[in-house]
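Q: I have a chain open here and would like to go through it with you. Can you take a look?

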Amino acid sequence: MATDVVVEDAPDRVERRSIVIDAAPEVIFDLLADPSRHPEFDGSGTVVRAKHTAPTRLSEGAKFGMSMKRFLPYAMTNHVVEFVDNETIAWRHLGRHVWRYTLEPTDDSTADAPRTKVTEEFDWRPALVPFALKLVNYPADNAASIEKTLVRLADVVES
């Protein structure tokens, strides 16, 4: 069973949280790399579904559209900017801020009982308008969403 979400030290303009999930990195990564499954673990409540043009599995440089809803429906196109199979996946959209997941087997992980530390980051250092994100409390809102996302991710993977 997953452990509690931990607030991790992070540089300025990075919100970082982690959780330990009882699953192998490849199981978790497969879920993260499948945009059609993102609504299952999204903690923000904004991800509705992947667009029909989204690939079934993400890869370095892949683009994928998502139907979203925050007050009103809208669409977002994301671009995968980091991809190391079973270790790291990150994407950004037009605003250039990045959502990143890193996966690391824990020291107590075994073949019979795999455990993985999953860290999610909202990295707004490359954002085009960081002052606007701060003004509307977007970093703090994303930190809260990350915590919910990690718990939901653990629930999906461990069920």
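Q: Which residues does Thr-88 touch, leaving out those up to four places away in sequence?
A: This is a predicted model. With those sequence neighbours left out, Thr-88 contacts Phe-29, Glu-82, Phe-83, Arg-100, Tyr-101 and Thr-102.

Q: Where is Thr-88 found?
A: Thr-88 is in strand 6, which covers residues 88–92.

Q: And is Thr-88 buried or exposed?
A: Thr-88 has a relative accessibility of 16%. Buried means under 20%, so Thr-88 counts as buried.

Q: Phe-29 was on that contact list. Which residues are buried in the helix that holds Phe-29?
A: That is helix 1, residues 25–32, where Pro-25, Ile-28, Phe-29, Leu-31 and Leu-32 are buried.

Q: Where do they sit around the axis of helix 1?
A: They cover an arc of only 155 degrees, so they are on the same side of helix 1.

Q: Changing topic, where does Arg-125 lie?
A: Arg-125 is in the loop between strand 8 (116–123) and helix 3 (130–135). Its relative accessibility is 43%, so Arg-125 counts as partly exposed.

Q: What does Arg-125 touch, again without residues up to four places away in sequence?
A: Arg-125 is in contact with Pro-11, Asp-12, Arg-13 and Val-14.

Q: How far apart are Arg-125 and Ser-59?
A: C-alpha to C-alpha, Arg-125 and Ser-59 are 23 Å apart in space, and they are separated by 66 residues in sequence.

Q: Now the chain as a whole. How many helices and strands are there?
A: The chain has 4 helices and 8 strands. Starting at the N terminus, the order is β-β-α-α-β-β-β-β-β-β-α-α.

Q: How compact is the chain?
A: Its radius of gyration is 15 Å, close to the 15 Å from the globule rule for 159 residues, so the chain is as compact as a globular protein of that length. Along the principal axes, the C-alpha atoms fill a box of roughly 45 × 35 × 25 Å.

Q: What share of the residues counts as buried?
A: Of the 159 residues, 43% do. The accessible surface of the chain is about 8600 Å², and carbon and sulfur atoms account for 53% of that.

Q: What share of contacts joins residues at least 24 apart?
A: Among contacts between residues at least 6 apart in sequence, the share is 49%.

Q: Last one: how many positive and negative side chains are there?
A: There are 19 positive and 26 negative side chains, with the centres of the two sets 11 Å apart.

Key
Residues numbered from 1 in each chain as written. Predicted model: local features only at pLDDT ≥ 70, side-chain atom pairs only at ≥ 80, totals over all residues. Heavy atoms only, no water. Helix = DSSP H or I, 4+ residues; strand = E, 2+ residues; numbered from the N terminus. Buried < 20%, exposed > 50% of the residue type's maximum accessible area, 1.4 Å probe, protein only. Contact = heavy atoms within 4.5 Å. Rg over C-alpha atoms; globule rule 2.2 N^0.38 Å. Areas by Shrake-Rupley, 256 points an atom, 1.4 Å probe, with all protein chains shown as cover. Lys, Arg positive; Asp, Glu negative; His and termini not counted. Charge placed at Lys NZ, Arg CZ, Asp CG, Glu CD. Arc of directions from axis to C-beta.
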